[in-house]
Amino acid sequence: MKLELIDISFRYEENEILKNINLEASEGKLVSILGPSGAGKTTLLKIIAGLLQPTSGDILMDGRSILNKRAGDRNMAYIFQAPTLFPHLTVRENISFGPRIKKWDGKAIDKKTNFLAERFRIENLMERLPRELSGGQQQRAAIARGLAIEPALLLMDEPFSNLDPNLRADMGMLIAEIQKDLNQTILFVTHDRDESLSLSDDLVILLEGEVKQSDSPDTIYYKPANEVVAGFLGEYNIIEGRAKENVFYSFLGNYPSSGIREGRAELFLRPHEISILESGNDYCITEIKKAGRTNHYKLSDGEHEVLAEAFAQFEYRIGQRVGAKVNREKDFHYINGKK
Amino acid sequence: MRKLYLILFSVSILFSTVFILLHAFFLNYRYPELWPTHFTVTYWTTMLTATSIFWEGLRSSIAIGVLNAMLSTLIGVMTARALTRHDNTGIRWIRKFYTIPLFIPAMTLFIGVQLMTAKLGLANSWVAVVMGHALVTIPYTTTICHSFFEGISRDMEQAAFTLGSTSLQLYRQILLPLLAPALLLSGAVGFLISFSEYFSTFLLGGGNIISFSMVMYPYMNNGDHINGAILGVVFVIINLCIFWCADALSKSKAKVASYLFE
């Protein structure tokens, strides 16, 4: 199965929600669409599912347009942000809803339902009504219900956003496991960058209705197409310098720069790629920002500023003089100056 | 103090009903007698066995009430779904004005219906009467169904569509079971309002349709209090039965839909 979106645009009244979206999802891949609220992620997913019609563009599945097919005939399942289990049906009836609608054989329905119940660890909840389940159990049942119809594509619209952090991590692992085991193609919409970076095979950055970059998570994180994408995935450094004879010269040191134009260039580094050296005294710590188990330290040599990362336990202080070192040894990314 | 208000409120509501009951079972109960004395069921026997117009009126009213309950509930469900699921200029106008039949004087409203049915060749018929009654009850049924539809997320409907469900399957397997309490309540409201209608039935039926309230009115008008009261008691019994049944059934179904209002 291969999904292709070709120049998909969507306009609602006077607002252009999506602008010429091009995107691909290959079989067995988990493709995340990452963007802030209002970027058009849900609209895009609903267009793919057939719940909304695009203003222009086409959607191909294995090379054939599915634009005129109704939602139920697209062989896709949609998992919503809130679990949308049917409240008057038991978990078993919910999971078997799709196969029953599609008139599967009774034995095949039972087999599929039991298999999914086991995979999602909800075997003992099958005769309960949705209101008797916790939020996490409800969402597991909703995903099982979606997978019961053996969809070519599973569309997940921020499915873990209502869950607590521990449960989110568990669900993320469960989805990754299911994806690999069933070779399930998944299109996963999220605004959580950590979730998207850890789960995805491919990542699409959607900002203001436009795809800003589409690549592997590592590539987008370490080699963003521009500063907008870079900033969306977290803090970063732009180290100004000059490239000459395949070497980049900067205040932070000299690094290989093959493949970029000679002259002014900007080296892109994430804070964790710069370590603090207690032994040095070139920089002064001017600001400390908490970032979970680590801290981000703003270092200044009076002329330049750089953001470094270190574990919070080191307890560096503002005003302390330290040194700085770039951890990366190869494959440097330069934002400007490409040939 | 609150209890006193409650007692006064209940007495004021029940007062007239108690008088109807007394008049239905006691002969010549008139002022200044404090207590009724001449108990009788003879009038009841005559009314129920020898008065054909009683049964004709009852049959007509039940038939019109059931038809109106079904029609106004059907239209109420569809209108409520459109009001909660769509948003455009037309829908916004309907949202503002769908209760307007309740504020237009009955005379104006029903004369309008009569003129329309006359043009369609349906004047003085059952159809005209049911149409008139539906005009009054649809705002109520729409309001009842609207509140239930607001509790059913649109995502749930869309989930059913992506799983392969058609619109008909969505209604049959998902929406109707969840809307059961609303359907029962709006059906009961549709029936009760229709059952109590006198003027619209008289006007739109053109005398061809004899409803229960039309049977009752001449007795009261001619001072035949005992027969008028007998019909009044039957009227109250039927209304209370419908109300209690709908209430009990909708409560049993409400368990399923309880999540809607959590």
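**Domains of chain B**

The domain assignment of chain B gives domain 1, residues 1–40, and domain 2, residues 51–261. The model is predicted. The C-alpha centres of these two domains of chain B are 31 Å apart.

**Contact between domain 1 and domain 2 of chain B**

- Eight residues of domain 1 of chain B and seven residues of domain 2 of chain B make up the contact.
- About 580 Å² is buried between domain 1 and domain 2 of chain B, with 81% of that area on carbon and sulfur atoms.
- On the domain 1 side, Ile20(B), His23(B) and Ala24(B) lose the most area to domain 2 of chain B, and together they account for 62% of what that side buries.
- Helix H1 (2–25) and strand S1 (26–27) of chain B are the elements that give two or more residues to the side of domain 1 that touches domain 2 of chain B.
- H1(B) supplies the largest share of that side, five residues.
- By residue class, the side of domain 1 of chain B that touches domain 2 of chain B has five nonpolar, three polar and no charged residues.

**Interface of chain B and chain A**

- Chain B puts 23 residues into the contact and chain A puts in 25 residues.
- The two chains bury about 2,000 Å² between them, and 63% of this lies on carbon and sulfur atoms.
- Within chain B, the residues that lose the most area to chain A are Gln158(B), Thr162(B) and Leu163(B), which together make up 33% of what that side buries.
- One salt bridge is found across the interface of chain B and chain A.
- Asp155(B) forms a salt bridge with Lys46(A), and the closest N and O atoms of the pair are 3.8 Å apart.
- Five residue pairs, both members at pLDDT 80 or more, are in polar contact between chain B and chain A.
- Three helices of chain B, H7 (154–162), H8 (167–196) and H11 (225–257), each supply at least two residues of the side that touches chain A.
- H7(B) gives the most to this side of chain B, with seven residues.
- The side of chain B that touches chain A consists of ten nonpolar, nine polar and four charged residues.

**Salt bridges**

- Side chains of opposite charge can pair when their charged atoms come close.
- Over all chains, the count comes to 23 salt bridges.
- One of the pairs is Lys41(A) with Glu158(A), whose side chains meet at 3.6 Å, N to O.
- Lys41(A) lies in helix H1 (residues 41–49) of chain A and Glu158(A) in the loop between strand S7 (153–157) and H6 of chain A, so this pair ties together parts that are 117 residues apart in sequence.

**Confidence in chain A**

- Chain A has a mean pLDDT of 92, and 99% of its residues reach 70 or more.
- Among the elements of chain A, the lowest mean pLDDT, 89, belongs to helix H6 (residues 165–182), and the highest, 97, to helix H2 (residues 91–95).

Terms used
Residues are numbered from 1 along each chain as its sequence is written. Chains are lettered from A and ligands numbered from 1 in the order in which they are written. Side-chain values use heavy atoms; hydrogens and water are left out. Contact means heavy atoms within 4.5 Å. Buried area is the accessible area (1.4 Å probe) that two parts lose on being put together, summed over both. A salt bridge is a side-chain nitrogen of Lys or Arg within 4 Å of a carboxyl oxygen of Asp or Glu. A polar contact is a pair of N or O atoms within 3.5 Å; within protein, one must be able to donate a hydrogen and the other to accept it, and residues adjacent in sequence count only if both atoms are side-chain atoms. Helices (H or I, at least four residues) and strands (E, at least two) are DSSP runs, numbered from the N terminus. Ala, Val, Leu, Ile, Met, Phe, Trp, Tyr, Cys and Pro count as nonpolar, Asp, Glu, Lys and Arg as charged, and the others, Gly among them, as polar. Domain bounds come from an automatic or database domain assignment. pLDDT is the predictor's confidence in each residue, from 0 to 100.
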